[in-house]
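Hello,

Here is the structure I promised to pass on to you. My notes follow below it.

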Amino acid sequence: MNITPPLVMIKCAVFVLSGLLLFGCSSTMQTMQTMQTMQTNNEQYVKITKSELQQLQTSSAQWQAIKPDIERLLLIESDLNLLITQLTAIANEEPAQSNTAITAQAQPPIQAPVAQPQRIPPALFALQIISVTQQAQLATSWQAMQHKAPSLLTGTTIANVETANVKGITYYRLKLGAYQYQKNAQADCDKLKQQQVSCIVSYYTDNPVKL
């Protein structure tokens, strides 16, 4: 009976199994070494002594204790900056106000306006009631007119005499009143006519006469 082939096959199987076991062990060893390396690296990254931990805890506690004070200091600093800005603005305004006050004092006092005399409009019209060839007849004619209309011709009246030469004859014309508007002169002239006094509206003559 030939048993050689089965032995060979058994040896081969043992050899294969041995190789697989060796490979598996090798892989397991490498995996363990990798894990140990990673663990070592992690331990190096987070490793801290007990003394250092206590110092960190102490520093953290101190920071928590002074944190409110620091926040208050920051608020005070902000208020101080605002106050400085306001004081600077006030300091810049004071010189300008001082200069304005000096300028105002240097200005001369305002003088009250001098009242100007009221200008009387020029007279343009007058009432011609007498025209004679002899100047001496003016007074007599004037008295006759006063008797006709005493309510209109009595009292102070503006009287002027115009001298006119017509065809070689000199006439003396008595003119009463001084009117700026013709309608006003015509109204008074109509009143004299109602009193039987001859009257015409003429231009104003500035040649006063005392009757």
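**The sheet and its helices**

Four strands form an open sheet in the order β2-β3-β1-β4, with antiparallel pairing. At the edges stand β2 (159–166) and β4 (200–203); each has a single partner strand, so one side of each is left without a neighbour in the sheet. On average, neighbouring strands here are turned by 45° against each other, direction ignored.

Before going on, a word on the source: this is a predicted model, in which local features need pLDDT of at least 70 and side-chain atom pairs count only at pLDDT 80 or more, while totals for chains, interfaces and linings use all residues. Residues are numbered from 1 along each chain as its sequence is written, and side-chain values use heavy atoms, with hydrogens and water left out.

As for terms, helices (H or I, at least four residues) and strands (E, at least two) are DSSP runs numbered from the N terminus, and two strands pair if DSSP finds at least two bridges between them. Axes are lines fitted to C-alpha atoms, for helices over the stretch in contact, with angles from 0 to 180 degrees between N-to-C directions.

β2 pairs with strand β3 (residues 169–179) in the antiparallel sense over eight bridges, and A159 stands opposite L176 in β3. Helix α3 packs on the sheet, where it touches β1 (125–132), β2 and β3 (contact means heavy atoms within 4.5 Å); the direction of α3 makes about 115° with that of β1. Helix α5 (residues 182–194) also packs on the sheet, touching β1, β3 and β4, and its direction makes about 40° with that of β1.

**Two residues to look at**

Q143 is found in α3 (residues 137–148).

T205 has its place in the segment after β4. T205 counts as buried because its relative accessibility is 16%. Leaving aside residues up to four places away in sequence, T205 touches N160, V161, E162 and K175.

Best wishes

Conventions:
Buried < 20%, exposed > 50% of the residue type's maximum accessible area, 1.4 Å probe, protein only.
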